[in-house]
Amino acid sequence: MPDTANLDKLQPIDFCDVLDRIGGDTLFLEELLKIYFREYTEKKRLLAEAISRQDFIQVSELGHSLKGASANLSLTRLQKVAYSLEAAGKEKQLQLAQEAARTLEKEIQTLKAFLEVNPPSGAV
Amino acid sequence: MKILIAEDDPISSRILQKNLENWGYETVLARSGDGAWQALRDEELRLAILDWMMPGMDGVEVCRKIRRRKKYRYTYIIMLSAKDRKQDIIAGLSSGADDYMTKPVNFLELRARLQTGKRINDLEDKLLLIQTQLKDLASRDGLTSLWNRTEIAKFLSEELERGQREKKPTGVVLVDVDHFKKINDIYGHAMGDQALLQVVSRLKRKVRKSDKIGRYGGDEFIIILPNCGLTEIRRIGDRLRLAVGKKCIKTELETVQVTVSAGCATSELPGTAGADKLFKVADGALLKAKGQGRNCVVVAGQDREPARKQINA
């Protein structure tokens with residue numbers, strides 16, 4: 001099970017890393033973040049449904065998908081939480097899945113707040 | 001060049017799309033394995049980036065299905081996955097992927113790897129082109145570029161089958177240059193060849209696009225006429241005869257009078273079932289034309305006198 005205890009020590013987004021990957025295009029990063037939040041809204045709904053019916057395959061798949069999307073945008077903290085969600089699904093740990101879902105939501109809010117103060121355009 | 005991005009994660013897909021379009025590719029997007037499979041029906045899509053994990057059919061399954069296809073040209077596939085263990089890479093490549101990249105993608109590396117894919121596809125195109133050229137070369141007569149004996153026999157069989165299906169007759173005209181040996185003996189083979197080329201050019205001008213003309217032997221030509229019955233074939237045979245003999249042929253050395261004899265037959269006649277039999281009947285008619293003094297047309301199974309012998313008839 002991945003460790004999510006020390007998330008606070010990490011930045012919500014590693015601007016250097018992600019901008020390096022997408023050629024330093026901050027406008028494009030903004031576009032991608034919009035897609036990310038839109039996708040998260042849909043996945044959050046699906047995740048709540050999957051947890052309520054204890055569909056661990058779906059929980060694991062959603063965790064896997066969020067992990068990939070977060071990695072693409074260098075959202076290191078969210079990537080770790082998504083990994084723990086995927087692992088909880090694989091191990092059929094309902095309580096851990098619920099906990100991961102809550103942490104995920106908390107981290108999304110943290111990221112949003114961080115981006116309001118530190119928009120991508122200011123990262124270069 | 002078109003490229004398929006089969007990726008269910010919209011962020012990965014969008015990043016790939018933007019990079020690929022910046023590099024000059026025309027992108028086609030699919031969000032599932034089934035979508036990818038549908039998209040790959042487009043024969044122009046010969047480069048594909050497939051994510052392993054997709055809803056429904058996964059990338060590995062899509063890959064296997066692509067490799068089982070027979071009629072399509074080669075599709076170069078790069079498999080993308082977060083799975084980075086040795087056994088995953090082996091499994092991905094074993095499914096038929098040409099290359100394997102782990103996520104997150106390094107785009108400089110992807111660009112270089114796509115160049116490899118383009119090179120492989122270009123090589124296949126060159127090979128296919130050479131194959132077509134060689135096939136064509138093997139089907140043609142070296143001097144006249146007409147279909148050779150083997151090829152024209154194949155066309156005749158195919159045409160007879162088609163005619164039978166569509167209940168339409170197939171005609172065959174055998175054309176032989178009169179006294180061609182004399183031309184060769186007197187003026188030499190080089191001039192004989194020039195004369196033959198002019199005969200061919202005149203014959204070609206008088207046949208339809210749907211007709212097939214081949215060189216059957218030294219100075220003997222065969223014309224296959226789809227949908228041609230006994231009522232038309234004499235007229236066509238005579239048209240061919242006149243096309244050759246009406247005007248003298250000018251070669252580099254000499255201007256010579258060249259005439260041809262023609263033997264005609266159609267699949268309506270009894271005893272013409274099959275290409276060999278129809279050919280034999282036409283050959284019999286040609287022999288008759290030769291026996292009747294040359295520069296004339298004989299239609300098998302018809303008792304009429306051959307077409308008049310005057311060159312300008």
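A nonpolar core is a set of buried Ala, Val, Leu, Ile, Met, Phe, Trp, Tyr and Cys residues joined through C-beta atoms within 7 Å. The legends below describe a predicted model.

**View 1. The largest nonpolar core has 58 residues.** The residues with the most contacts inside this core are A:Leu85, B:Ala6, B:Ile49 and B:Leu50. Beyond its neighbours within four places in sequence, A:Leu85 touches residues of chain A. Among them are A:Val59, A:Leu62, A:Gly63 and A:Leu66. A:Ala97, A:Ala100, A:Ala101 and A:Leu104 are also in contact with A:Leu85. A second core of 48 residues is separate. That core includes B:Leu160, B:Val199, B:Val298 and B:Ala300.

**View 2. Chain A meets chain B through 14 residues of chain A and eleven residues of chain B.** On the chain A side, helix 2 (26–52) and helix 3 (56–72) each supply at least two residues. Helix 3 of chain A gives the most, with six residues. By class, the side of chain A that touches chain B holds eight nonpolar residues. Four polar and two charged residues complete that side.

**View 3. Chain A has five helices and zero strands.** Along the sequence the pattern reads α-α-α-α-α. Chain A has 124 residues, and 38% of them are buried. Take the contacts in chain A between residues at least 6 apart in sequence: 61% join residues at least 24 apart.

**View 4. A:Lys92 sits in the loop between helix 4 (76–90) and helix 5 (94–117) of chain A.** Its phi is positive, about 55°, although A:Lys92 is not a glycine.

View 5. Among contacts in chain B with a separation of 6 or more, 62% come from residues 24 or more positions apart.

**View 6. Five strands of chain B form an open sheet in the order 2-1-3-4-5.** The pairing is parallel. Strand 2 (26–30) and strand 5 (99–102) of chain B are the edge strands, and each pairs on one side only. From one strand to the next, the twist averages 20°.

**View 7. Strand 4 (residues 76–81) of chain B pairs with strand 5 of chain B in the parallel sense.** Four bridges join these two strands. B:Ile78 stands opposite B:Asp99, which belongs to strand 5 of chain B.

**View 8. B:Asn227 lies in the loop between strand 8 (220–226) and helix 9 (230–245) of chain B.** B:Asn227 is a residue other than glycine, and its phi is positive, near 50°. How many C-beta neighbours does B:Asn227 have inside 10 Å? There are 16, so B:Asn227 counts as partly exposed.

Key: Residues are numbered from 1 along each chain as its sequence is written. Chains are lettered from A and ligands numbered from 1 in the order in which they are written. This is a predicted model: local features need pLDDT of at least 70, side-chain atom pairs count only at pLDDT 80 or more; totals for chains, interfaces and linings use all residues. Two residues are in contact if their C-beta atoms, placed from the backbone, lie within 7 Å. Ala, Val, Leu, Ile, Met, Phe, Trp, Tyr, Cys and Pro count as nonpolar, Asp, Glu, Lys and Arg as charged, and the others, Gly among them, as polar. A residue is buried if 20 or more other C-beta atoms lie within 10 Å of its own, exposed if 12 or fewer, and partly exposed in between; C-beta atoms are placed from the backbone. Two strands pair if DSSP finds at least two bridges between them. Axes are lines fitted to C-alpha atoms, for helices over the stretch in contact, and angles run from 0 to 180 degrees between N-to-C directions.
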